[in-house]
Amino acid sequence: MKTLHNYINGEWIKSKNSDTHEVLNPANQEIITKVPFGKDSKTDVDQAVRHAHKAYLAWKDVPTMKRVQPLFKLKALLETHKTTLAQMITNECGKTYNESMGELQRAIENVEVACGAYVMNQSEFSENIASGIDEFMIRQPLGVCACITPFNFPGMIPFWFLPYAIATGNAFVLKPSEKVPMTMQYVFELIHKELGLPKGLLSMVHGGKEAVDGLLEHPDVKAISFVGSTNVARYIYAKGTANGKRVQAQGGAKNPVVIMPDADLDTTTKIITDSVFGCAGQRCLAASVIITVGDEKGMYTEALVEAAKNRTIGYGMDKQTEMGPVISSESKKRIENLIQIGIDEGAKPLIDGRNCEVSGFEKGNFIAPTILENPSLDGTIVQTEIFGPVMSLVHFDKLEQSIDFINRGKYGNMACIFTRDGLAARSFRSQVMAGNIGINIGVAAPVAQFPFSGWKESFFGDLHAQGRHAIEFFTQTKVVIERWPKDWSRKF
Ligand code: NAD
């Protein structure tokens with residue numbers, strides 16, 4: 001089985017590591033590939049960053065209009081190769097083919113928005129701030145920017161950052177998740193063959209913690225964009241900023257959804273079950289704690305259980321599949337263990353998705369939808385990010401109690417409400433402490449021109465991913481104050 005090479009200085013280069021990490025298809029545990037892994041990743045990172053720095057020194061002076069031209073080409077390439085990429089995502093990540101196509105669409109949208117960098121990156125100018133004195137603010141690139149991504153959106157998350165970094169004049173080094181390296185391997189092959197970018201401008205280094213530490217410690221890395229679990233995000237933010245880097249670190253989540261008693265039963269049930277069980281619950285915007293408010297709890301509970309039971313579990317490339325496996329056997333074990341803890345702490349299993357087998361895929365990491373009713377509000381499953389197809393169902397008499405409960409949670413990625421009552425929705429969106437709010441929406445994922453990130457322990461940093469925030473993250477402002485006294489002027 002071939003071990004993937006790193007992409008450095010416009011070439012595919014063998015890693016200095018002899019250790020490897022096996023990449024498995026989560027539906028059948030077959031080995032797809034191996035990635036280099038281990039302490040020599042720091043040497044790989046150093047090589048990539050040195051070349052990236054050189055490329056940046058030339059790229060920073062290329063006009064923005066020229067810098068975005070390769071992005072138009074990249075958008076076309078992603079569209080042409082979308083179906084191949086979607087199959088790759090499904091094979092290494094487990095999600096359904098349609099889900100894979102969906103994440104690629106958002107990747108493409110980010111490339112489109114970054115194509116407008118020459119507008120978003122424009123200077124601001126004030127004439128005569130005092131008599132004969134003008135002042136203007138320009139945005140300049142940072143240098144080499146690095147990005148570290150998680151396993152759950154291998155085709156999308158790198159594009160929250162990559163196109164913006166390049167368009168604003170930086171060089172970019174990607175460290176994809178070691179669990180799902182194939183999608184970006186394919187994208188970088190396209191970039192290599194078709195894009196004509198200067199050598200070293202875009203690099204990819206495979207690996208795990210050692211590669212990440214290499215990036216966090218390298219003096220020529222000026223900015224780090226991270227997406228992953230909260231503990232690692234906290235570590236990245238602390239170490240990156242201590243080393244003088246600009247850092248945006250997006251972490252984990254535990255997303256609550258409120259169902260008001262006037263919510264439309266059918267739409268609400270469909271949207272919420274899609275949110276909880278889509279991507280097998282492995283989305284940072286997956287609904288996780290469902291809160292019924294008021295008198296109609298029984299009706300919604302029954303409908304949610306029915307909809308969850310009817311989901312077809314299987315291999316993501318099979319047309320009828322509505323939910324694929326979770327990423328690894330360790331993850332499956334961890335989720336099943338959390339279900340048991342929830343039950344031990346008092347929750348009632350309305351459906352228990354453990355011991356799920358899919359014919360023809362007996363070795364796959366499948367867990368069927370699970371609904372646990374009335375768990376302890378301070379207990380493990382309500383407070384911990386499960387990242388699997390598990391719904392906790394809780395109840396409050398009043399909306400205010402739900403908002404209070406939500407705001408006491410440690411995460412703040414997303415919160416949603418289902419209601420026909422505009423005033424209830426308004427008070428929810430105004431009072432809830434979360435970065436993304438859904439009103440009759442189950443996955444409140446901002447489109448590419450809006451900033452994306454959470455609050456509280458879901459995010460460490462200031463500027464978020466995507467759109468104008470990304471442009472600001474990848475640039476530093478310089479203010480110039482200029483005076484040209486009249487009596488210096490030669491008479492022509
Ligand atoms: P993870 O934190 O395990 O890994 C993310 C990246 O960090 C990988 O590239 C990995 O190699 C690296 N890494 C892992 N451990 C490290 C360590 N100790 N030191 C340095 N680097 C390390 O996350 P994951 O399991 O791949 O992804 C799932 C998590 O990502 C969930 O918590 C999910 O909520 C979160 N996520 C958040 C968002 C968001 O926008 N907030 C989006 C997607 C996923």
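Student: Which residue in β8 does C145 stand opposite?

Tutor: C145 stands opposite F172 in β8. This is a predicted model, and every value discussed here is computed from it.

Student: What makes β7 and β8 a pair?

Tutor: Two strands pair if there are at least two bridges between them. β7 and β8 (residues 171-175) have five bridges, in the parallel sense. Five set against two settles the matter, so the strands are called paired.

Student: Why is β7 called largely enclosed?

Tutor: Buried means under 20% relative accessible area. Five of the five residues of β7 (residues 144-148) are buried, so the strand is largely enclosed by the rest of the structure. Both faces are covered: V144, A146 and I148 point one way, C145 and C147 point the other way, and all are buried.

Student: Which elements do the buried residues of α9 pack against?

Tutor: They pack against α1 (41-59), β7, β8, β10 (221-227) and α10 (230-242). The buried residues of α9 (residues 209-217) are A211, V212, D213, G214, L215 and L216.

Student: Why is K95 called buried?

Tutor: The cut-off for buried is under 20% relative accessible area. K95 has 4% relative accessibility, so it counts as buried. K95 is in the loop between α4 (82-93) and α5 (97-114).

Student: What is K95 in contact with, leaving aside its neighbours within four places in sequence?

Tutor: The contacts of K95 are I89, T90, S100, E103, N152, F153, C279 and G316. The C-alpha atoms of K95 and E322 are 8.8 Å apart, although the two residues are 227 residues apart in sequence.

Student: How do you know that K95 makes a polar contact with N152?

Tutor: A polar contact needs a pair of N or O atoms within 3.5 Å. A polar atom of the K95 side chain is 2.7 Å from the backbone oxygen of N152. The value falls within the cut-off, so the pair qualifies.

Student: What is said of phi in A280 and N440?

Tutor: Phi of A280 is near 50°, a positive value in a residue other than glycine. Phi of N440 is near 60°, again positive in a residue other than glycine. A280 is in the loop between α11 (265-277) and β13, and N440 is in the loop between β19 and β20 (455-456).

Student: What makes β14 and β19 edge strands?

Tutor: The open sheet of seven strands has the order β14-β15-β16-β13-β12-β18-β19, with mixed pairing. β14 (348-351) and β19 (436-439) each have a single partner strand, so one side of each is left without a neighbour in the sheet. The twist averages 25° from one strand to the next.

Student: How do you know that β15 and β16 pair?

Tutor: At least two bridges are required. β15 (residues 370-373) and β16 (residues 390-396) have four, in the parallel sense, so they pair. E373 stands opposite L393 in β16.

Student: Which helices lie across strands of this sheet?

Tutor: Among them is α13 (residues 329-344), which lies across β14, β15 and β16 and runs at about 20° to β15. Helix α15 (residues 399-408) lies across β12 (255-259), β13 (287-293), β16 and β18 (414-418), at about 155° to β13.

Student: In the three-stranded sheet, what makes β5 and β22 the edge strands?

Tutor: The order of that open sheet is β5-β6-β22, with antiparallel pairing. β5 (124-130) and β22 (475-483) each pair on one side only. β5 and β6 (residues 133-141) pair over four bridges, and S126 stands opposite E135 in β6.

Student: How many residues surround the ligand?

Tutor: There are 28, and the closest are T149, K175, E178, S229 and E385.

Methods: Residues numbered from 1 in each chain as written. Predicted model: local features only at pLDDT ≥ 70, side-chain atom pairs only at ≥ 80, totals over all residues. Heavy atoms only, no water. Axes fitted to C-alpha atoms, helices over the stretch in contact; angles between N-to-C directions. Contact = heavy atoms within 4.5 Å. Near = heavy atom within 4 Å. Buried < 20%, exposed > 50% of the residue type's maximum accessible area, 1.4 Å probe, protein only. Polar contact = N/O pair within 3.5 Å; in protein donor to acceptor, adjacent residues only side chain to side chain.
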